[in-house]
Amino acid sequence: MYAVNFLLLSAALFSIGVFGVIARRNAVMVLMSIELILNSVNLNLVAFALINKDIDGHIFALFVIAVAAAEVGVGLGMVLMIYRNRRSIALDELSEMHG
Amino acid sequence: MNALLLAADVNVAQNIGFYIIAAIMLYAAFSVVSTKNVVHAALWLVVVLGGVAAQYILAAAEFVAVSQVMVYIGAVMVLFLFGIMLTRASIGADTDVNNKDWKLGIPVGLVFFGVLVYTVVDAFEGTVIVEPSAAQIASSTTLISDGYLGDYLIPLIALSFVLLAAAVGAIVLARKD
């Protein structure tokens with residue numbers, strides 16, 4: 001097993017997630033793309049733990065999983081509030097702070 | 001002779017499993033960011049998250065894999081489906097899930113991918129992962145718990161406060177008053 005296998009897979013997942021964050025208009029779909037990015041980072045951490053024979057990568061990956069769960073909870077709460085106030089979760093319509 | 005030595009170094013079954021799961025994951029990830037249907041995107045995301053859990057098992061990280069299945073596939077996906085249900089009236093294809101200038105994402109994603117491939121290949125080309133022994137794999141959960149209750153105890157406590165704040169904040173945000 002080559003080390004680049006895991007790292008290139010995670011690079012591809014990261015790029016797809018970045019594309020999704022830019023391309024999507026629906027706030028829930030942007031949150032899904034952020035999950036793709038966080039998972040690619042986790043895959044990288046676990047791969048480095050395997051390469052370097054150090055368990056710290058697993059510990060950081062579990063930290064990231066916990067923070068991602070909190071982020072999704074707060075993010076979806078915000079999306080629900082925006083939907084209740086505006087009847088829409090299209091991100092390009094949220095332009096009150098536009099200068 | 002050289003090929004024989006290489007074959008002894010590389011676990012063929014692990015590689016075949018890796019490439020099959022990676023292909024499924026990449027197809028599902030493209031579907032997540034390209035489908036017009038929000039519910040289908042959530043279900044393709046389940047495939048990606050399950051594939052990541054399978055890759056963790058290939059990378060000898062069972063504890064992380066089980067946590068991934070419990071937290072992501074168990075809890076986060078339910079949150080996503082609830083979010084879709086509460087913010088959308090129709091469960092069908094949607095014509096405007098993308099931004100007007102969504103094509104800008106293609107060059108940005110390609111540039112990110114190019115830079116990452118260049119740096120990763122530059123740094124790790126030819127690095128072969130030495131497979132951990134059965135004893136190392138068996139003791140990994142012990143080492144994780146030692147890390148959490150040892151070196152990383154303060155971050156663990158901070159993380160528990162982050163989770164508490166997130167739970168309270170989500171309730172405050174979503175509450176009707």
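Chain A has three helices and zero strands, where a helix is a DSSP run of H or I at least four residues long, a strand is a run of E of at least two, and both are numbered from the N terminus. From the N terminus on, then, you read α-α-α. Before we go on, please keep in mind that this is a predicted model, where local features need pLDDT of at least 70, side-chain atom pairs count only at pLDDT 80 or more, and totals for chains, interfaces and linings use all residues. Residues are numbered from 1 along each chain as its sequence is written, while chains are lettered from A and ligands numbered from 1 in the order in which they are written.

How spread out is chain A? Its C-alpha atoms fill a box of roughly 50 × 25 × 20 Å along the principal axes. The radius of gyration is 17 Å, whereas a compact globule of 99 residues would have one near 13 Å. That radius is taken over C-alpha atoms, and the globule rule is 2.2 Å times the number of residues to the power 0.38.

Of the 99 residues in chain A, 58% count as buried. Buried stands for 20 or more other C-beta atoms within 10 Å of the residue's own, with C-beta atoms placed from the backbone.

Now to chain B. Here we find eight helices and zero strands. The radius of gyration of chain B is 21 Å, well over the 16 Å that the globule rule gives for 177 residues, so chain B is more spread out than a compact globule. Along the principal axes, its C-alpha trace spans about 70 × 45 × 25 Å. Buried residues make up 23% of the 177 in this chain.

A word on contacts: two residues are in contact if their C-beta atoms, placed from the backbone, lie within 7 Å. In chain B, take the contacts between residues at least 6 apart in sequence: 57% of them join residues at least 24 apart. In chain A, residues 24 or more positions apart account for 45% of the contacts with a separation of 6 or more.

So how do the chains meet? 62 residues of chain A are in contact with 74 residues of chain B. On the chain A side, the elements giving two or more residues are α1 (3–23), α2 (27–52) and α3 (56–86). The largest share, 21 residues, comes from α3(A). By class, this side has 46 nonpolar, 10 polar and six charged residues. Nonpolar covers Ala, Val, Leu, Ile, Met, Phe, Trp, Tyr, Cys and Pro; charged covers Asp, Glu, Lys and Arg; the others, Gly among them, are polar.

Technical notes:
Buried ≥ 20, exposed ≤ 12 C-beta atoms within 10 Å, placed from the backbone.
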